[in-house]
Amino acid sequence: MIKTSANIKRVVFEPAALNYPLGKKLYHAFRQKGLEIHFTPSHNRVICVPGKSVQESFVEAKRTLVVGVRRSRHLETCKPSAHYQLPLATSCPAMCEYCYLFTHFGRRPYQRIYVNLSEILELAAEYIERRKPEVTVFEAAATSDPIPVEKYTGNLARTIEFMGNQPLGRLRVVTKFTDVANLLGLDHRGHTRFRFSINAANIIKRFEHGTPPLAERLAAALKIVKAGYLPGFIIAPIFYLDGWQEQYRALFQEIARQPLLAEHNDLTLELITHRFTKKAKTTIETLFPKTELPLDEENRTFKYGQFGYGKYVYPAKVKTEIESFFKEMVAAYLPRAAIEYFI
């Protein structure tokens, strides 16, 4: 089994990052801490990650932070969560066996942050302007969990306040992590919906290595609600395994024990069933050779996704059964909550 560690061991700088105040600040701070410092001509090319095996390289990549500049003037769409992705970071320190990012980042999913946030937010403002008078919604966690790197950048806090000042801009954030203290006193003006990614306790224990347990995530969600953010939960991925109904019923019961969450008049739920790509399956079975994830292709239906590659999803009959059960759970335990989508 891969041993998890969230501690950064090395930092790789794109030289252009040192032209920005945040880049200079991070360079001096990490040097003072005695971390390994490397340079790369592009934040997309990192060759200093060591490892004698695929598993070792994977762990070392998770302990590698890349500091770069985002130059693209294009924002990807982000269905069904939002209109556009807002790239504040890439990857995260967790080692969830099912991670959908395996399809994109393979076996070396180093963490990446951007120091030119002002330019990124200027781009977001342009996208908002284009869609006037409609509201434009941005997802800050499409390819990352922004909370673990927030202590280095403060980018999420700045983005939340930026969106608070945009009459037609809205932000969505999702995380499995719980270090939200620096976000609680921000002037968000209700323009940010802060969701926590949760799952049945047994699923978290078996597959979500290096992440806080359910109880800690719910405690952090309570802090967010008290700070006035719009709350939500992503329950994903939903697994059709032995005892799944009992396990997910227990999850809803746990949420219902927190009145501030269960009785909130604007709580949203996003429900996502488990799916995987051929590429992700190969990576998962290499990194976690003893995985108990259900990856049998013959028990799935092949479907093309919005990014053009195929994925294996639960067949229609199973998906209908899961959807029916979850609707029952929501009606019973979270009757005020709205299901934004089920996929």
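Biologist: Which residues form one aromatic cluster?

Modeller: Happy to start there, with the reminder that this is a predicted model. The cluster is made up of Tyr240, Trp244, Tyr248, Phe252, Tyr314, Phe325 and Phe326. The structure holds 21 aromatic pairs.

Biologist: Why is the pair of phenylalanine 58 and phenylalanine 102 called tilted?

Modeller: Their ring centres are 6.0 Å apart, and the cut-off for a pair is 6.5 Å. The planes make an angle of 50°; stacked needs under 30 degrees and edge-to-face over 60, so this pair counts as tilted.

Biologist: What does that pair tie together?

Modeller: Phenylalanine 58 belongs to helix α2 (residues 54–62) and phenylalanine 102 to helix α3 (residues 102–105), so the pair links parts that are 44 residues apart in sequence.

Biologist: How do you know whether phenylalanine 58 and phenylalanine 102 count as buried or exposed?

Modeller: Buried means under 20% relative accessible area. Phenylalanine 58 has 0% relative accessibility, so it is buried. Phenylalanine 102, at 4%, is buried too.

Biologist: And what makes glutamate 298 count as buried or exposed?

Modeller: Its relative accessibility is 63%, and exposed means over 50%, so glutamate 298 is exposed. Glutamate 298 lies in the loop between α11 (278–287) and β15 (301–304).

Biologist: Why do you say that the charged end of arginine 300 sits over the ring of tyrosine 314?

Modeller: The distance limit is 6 Å from the ring centre, and the charge must also be within 35 degrees of the ring normal. The charged end of arginine 300 is 3.9 Å from the centre of the tyrosine 314 ring. Likewise, arginine 130 lies over the face of tyrosine 127, at 4.3 Å from the ring centre.

Biologist: Now for helix α12: how do you know what its length should be?

Modeller: The helix has 18 residues (316–333), and at 1.5 Å a residue they should span 26 Å. The end C-alpha atoms are 26 Å apart, which agrees.

Biologist: What makes you say that the buried residues of α12 line one face?

Modeller: The buried residues are Val318, Ile322, Phe325, Phe326, Met329 and Val330. Seen down the axis, they fall within an arc of 140°, so they line one face of α12. The face turned away from that buried side carries the exposed residues Ala316, Lys317, Thr320 and Ala331.

Biologist: What covers the buried residues of α12?

Modeller: The cover includes β13 (230–238), α9 (244–256), β14 (268–273) and β17 (338–342).

Note on methods. Residues are numbered from 1 along each chain as its sequence is written. This is a predicted model: local features need pLDDT of at least 70, side-chain atom pairs count only at pLDDT 80 or more; totals for chains, interfaces and linings use all residues. Side-chain values use heavy atoms; hydrogens and water are left out. Helices (H or I, at least four residues) and strands (E, at least two) are DSSP runs, numbered from the N terminus. Buried means under 20% relative accessible area, exposed over 50%, partly exposed in between (1.4 Å probe, protein chains only). The expected span of a helix is 1.5 Å times one less than its number of residues. The arc is that of the directions from the helix axis to the C-beta atoms. Contact means heavy atoms within 4.5 Å.
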